[in-house]
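Hello,

Here is the structure we talked about handing over. Please open it first, then read the notes below.

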Amino acid sequence: MYPQLIDTHTHVHFAAYKGDMDEVIKRSLDEGIGMITVGTQSSTSKKAIEVAEKYDGVWATVGLHPSHLHKQEFNDDNEFDPGKIKTRTEEFDPEYYRELVSHPKVVAVGEFGLDFYHKPRNVEESKVIEDQTAATNLQIDFATEFNKPIVVHCRDAHDLQYEVLKRAVDEGKLPRRGVVHCFTGSLEDARRYIELGFMISFTGILTFSDEIQRIAKELPMESIMIETDAPYLSPAPNRGKRNEPSFVKHIAHVLADIKGMSYKEVAEQTTKNAIEFFQLDM
Ligand SMILES: [Zn+2]
Ligand SMILES: [Zn+2]
C-alpha cells in the first residue's frame, strides 16, 4: 500500500478500541491512510508490534512514556482495562526492548521524554525530573545503538527537553534524530528543534488553536508531520468524541488552509516526510 496520508502517531492498540480495533484500522487503510501505532510501556510496545504485524500500512514504535515512570494519581482508562492494572511503575529495561526493536515493523523508539504537566503529586518534583531525564537519556542511547529515530513526548518542559536533545546530538548520538510529537511549545521552541534536525508533528489541536496555527504557518513544510494521537485529542469537527487514525485528514485540511496549499499538496508532502523520516517500506 502506498498511503495518501499517514497518521504518524496513534495508539490504535489501546483498550479504547478493544471492541472494534480491526474495523477502525480497516476504515483508515480503506481511505488510503496508513499509521504508526506508538508504544508507551512494555505491554503496549509489544501489543503495537502485534497489531502492526497484521496489516500492510501499519507500523509500530517501542518505548517508555514518562507517565509510566511513577505511580500516578490520575488513571487513563483508554490505555488499560479499567478494573485490571490501574497504574504501573516501570523502568526502561534495554534487555526487554532489545527483543522488540529488532522487529522489521518497528520504525522508531518512543514515545518518551519530559512531561511536567502530568507530574505525579506523590513524588518529589526534583525526583520526577531526575527520573524522566534518566529514562530519556537511556532511550536516546538505545535508539542510537539501533539506529532508529525517536518519538519525543514533551509537555511544559521544552527548555530542558531541548537541552537534553542538543547534548545528545553534540555527542554524536541520534544520527536519525527524531520528531517532537503533539507539538504545543512556542515558535521559538519549534525553530530550535528544527535547527537541530528534528521534525515537528501536529495533532488535532491544530484544528482549534489559533496559537498552534500561527506556529505551523511559520514552519517549513519539509519539517512538518501530522498525527491524531488517537484515542485522545479529536480534531474539529469531531471534538469530544473518540479519535481515530482516519481523522488525520481533518488535520491535513486545516494545514492546507493555513499554508495556502491544496489538500493534495499537503497530503503528498507530509506523507513523503513520514516515509523518509521513519524509512517506511512500501
Ligand atoms: Zn505523547
Ligand atoms: Zn501518544
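The crossing of H7 and H8 is right-handed, meaning that the near helix is turned clockwise from the far one by less than a right angle. Helices here are DSSP runs of H or I with at least four residues, strands are runs of E with at least two, and both are numbered from the N terminus.

A word on the source. This is a predicted model: local features need pLDDT of at least 70, side-chain atom pairs count only at pLDDT 80 or more, and totals for chains, interfaces and linings use all residues. Residues are numbered from 1 along each chain as its sequence is written, while chains are lettered from A and ligands numbered from 1 in the order in which they are written.

Back to the pair. The axes of H7 (residues 210-218) and H8 come within 9 Å and cross at roughly 65°. Axes are lines fitted to C-alpha atoms, for helices over the stretch in contact, and angles run from 0 to 180 degrees between N-to-C directions. Gln 213, Ala 216 and Lys 217 in H7 meet Leu 255, Ile 258 and Lys 259 in H8; contact needs C-beta atoms, placed from the backbone, within 7 Å.

H8 (residues 248-259) also crosses H9 (residues 263-278). Their axes come within 8 Å, at roughly 110°. That makes H8 roughly perpendicular to H9 (65 to 115 degrees). This crossing is right-handed too. On the H8 side, the residues are Ala 252, His 253, Leu 255, Ala 256 and Lys 259; they meet Tyr 263, Val 266, Ala 267 and Thr 270 in H9.

**Helix H2**

H2 covers residues 42-54. Its 13 residues should span 18 Å at 1.5 Å a residue, and the end C-alpha atoms are 19 Å apart, which agrees. The expected span is 1.5 Å times one less than the number of residues. Buried residues of H2 include Lys 47, Ile 49 and Val 51 (buried: 20 or more other C-beta atoms within 10 Å; exposed: 12 or fewer; partly exposed: in between; C-beta atoms placed from the backbone). The buried residues pack against strands S2 (33-38), S3 (58-62) and S4 (106-112), and helix H3 (94-101).

**Backbone points to look up**

- A cis peptide bond joins Gly 110 and Glu 111, with omega about 15°. Glu 111 is in S4.
- Another cis bond joins Ala 230 and Pro 231, with omega about 10°.
- Asn 147 is not a glycine, but has a positive phi of about 50°. Asn 147 counts as exposed, with 10 C-beta neighbours inside 10 Å.

Best wishes

Terms used
Angles under 35 degrees count as roughly parallel, over 145 as roughly antiparallel, 65 to 115 as roughly perpendicular and the rest as oblique. Two residues are in contact if their C-beta atoms, placed from the backbone, lie within 7 Å.
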